[in-house]
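Subject: The structure, and what was found in it

Hello,

The notes after it are meant to be followed slowly, with the model in view.

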Amino acid sequence: MSGLEFCQWLADTPWSIALHEGPYALIESVHVLTLCIFLGLAVMFDLRLLGVTMRRVPVSEVAHRLLPWTVAGFVVMVISGALLFYAIPVRSYQSIFFRAKVVMLVLAGLNVLVFHSGIYRRVSDWDLAVVAPRAARMAGTVSLILWVLIVLSGRMIAYNWFDCYKPQSALVTWLAGCVPGDLVK
Amino acid sequence: MSLLPLFEWCENAGIGEAIRISTWLFPVIEGIHLLGLCVIGGAILLVDMRLLGLGLRRQPVAELARDSRPFLIGSLAVMLVTGPLLFSSEAVKCYYSTAFWFKMTSLALAIIFTFTVRQRVTLADEGRISAIRARIVALVSLALWSGVGWGGRWIGFS
């Protein structure tokens, strides 16, 4: 079963249809507004790594006190995001913005992994430094750039410019995984 | 006097029309508005959570308030530029939208509250503000700003 076939199967399940026709707007609002908790606090942590805010607060203190909230926010983001995908599986699967977002989410996850298994293990050496070591500043910068792009691509999923039912260039057709039957829908 | 003629004028003025006609302008401005939301959310939560005894509770409230202030002001400025641009492209729709008026009322109250009552509490010396008063201020702030956020999201659905 291909990814597209799986999404077509998902789209025909009763819950997908119920979500699509029911509480979609509510779930989307939760997804957007939870950004404040998840990303708002993650951004404050990144900015601390860059030494532009909370310069007198130890980095480990910011991580220890804020990251649990970030994780909780992320759980809400993943659940609401998965429900939004489940409500509109085929169109999301064939959206170049959705695809770009997933790739960047994986990259953002790797960035977190590299940070926590690398420079953050030695945080006691630089906990009070106003400006963190290069590797930590890199992690903060990469995180900020990726999340800006993730938010923007997430927002753009709503627009149909590159949808498969419209004639698209060869590049978009390939990136979105459009199949010949899509055009007649 | 009805505000409708003013709203109609906004929608038909050059900027509003340019944004409405363009394929990309509205989504891009809206994207920037959304990024501003993340920053303003973080800046407000940091302090309100502290007032509630959550998050960075070992730091003085005044220090967190001062640290987050440039981000609060900066993101609010971004919101107050991008917001009216979005508004100008669909002013008449906004005029008839309950969500829009709900958001504007919440926004006015949130801004006034943040820069008067909340500011006085966050910048006051530790110990001079009772825990209960700090908590009430945080809850009012969170309620008002949540109203702005929900109202804003709902303009798009109305």
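This is a predicted model: local features need pLDDT of at least 70, side-chain atom pairs count only at pLDDT 80 or more; totals for chains, interfaces and linings use all residues.

Residues are numbered from 1 along each chain as its sequence is written, and chains are lettered from A and ligands numbered from 1 in the order in which they are written.

Chain B has 7 helices and 0 strands, where helices (H or I, at least four residues) and strands (E, at least two) are DSSP runs numbered from the N terminus. The C-alpha trace of chain B spans about 55 × 35 × 20 Å along its principal axes. Of the 158 residues in chain B, 39% are buried, a term that asks for 20 or more other C-beta atoms, placed from the backbone, within 10 Å of the residue's own.

Within chain B, H3(B) and H4(B) have axes 8 Å apart and pack at an angle of about 155°, the axes being lines fitted to C-alpha atoms over the stretch in contact and the angles running from 0 to 180 degrees between N-to-C directions. H3(B) and H4(B) are therefore roughly antiparallel to each other, a label for angles over 145 degrees.

The contact between the chains takes 28 residues from chain A and 25 residues from chain B, and two residues are in contact if their C-beta atoms, placed from the backbone, lie within 7 Å. On the side of chain B that touches chain A, helix H3 (25-51), helix H4 (61-89) and helix H7 (131-155) each supply at least two residues, and H3(B) gives the most, with 12 residues. The residues of that side of chain B divide into 12 nonpolar, 8 polar and 5 charged, where Ala, Val, Leu, Ile, Met, Phe, Trp, Tyr, Cys and Pro count as nonpolar, Asp, Glu, Lys and Arg as charged, and the others, Gly among them, as polar.

One helix pair joins the two chains here: the axes of helix H3 (residues 24-49) of chain A and H7(B) come within 10 Å and cross at roughly 140°. The contact is made by Ser29(A), Val32(A), Leu33(A) and Cys36(A) of H3(A) and by Gly149(B), Trp150(B) and Arg153(B) of H7(B).

Best wishes

Conventions: A residue is buried if 20 or more other C-beta atoms lie within 10 Å of its own, exposed if 12 or fewer, and partly exposed in between; C-beta atoms are placed from the backbone. Angles under 35 degrees count as roughly parallel, over 145 as roughly antiparallel, 65 to 115 as roughly perpendicular and the rest as oblique.
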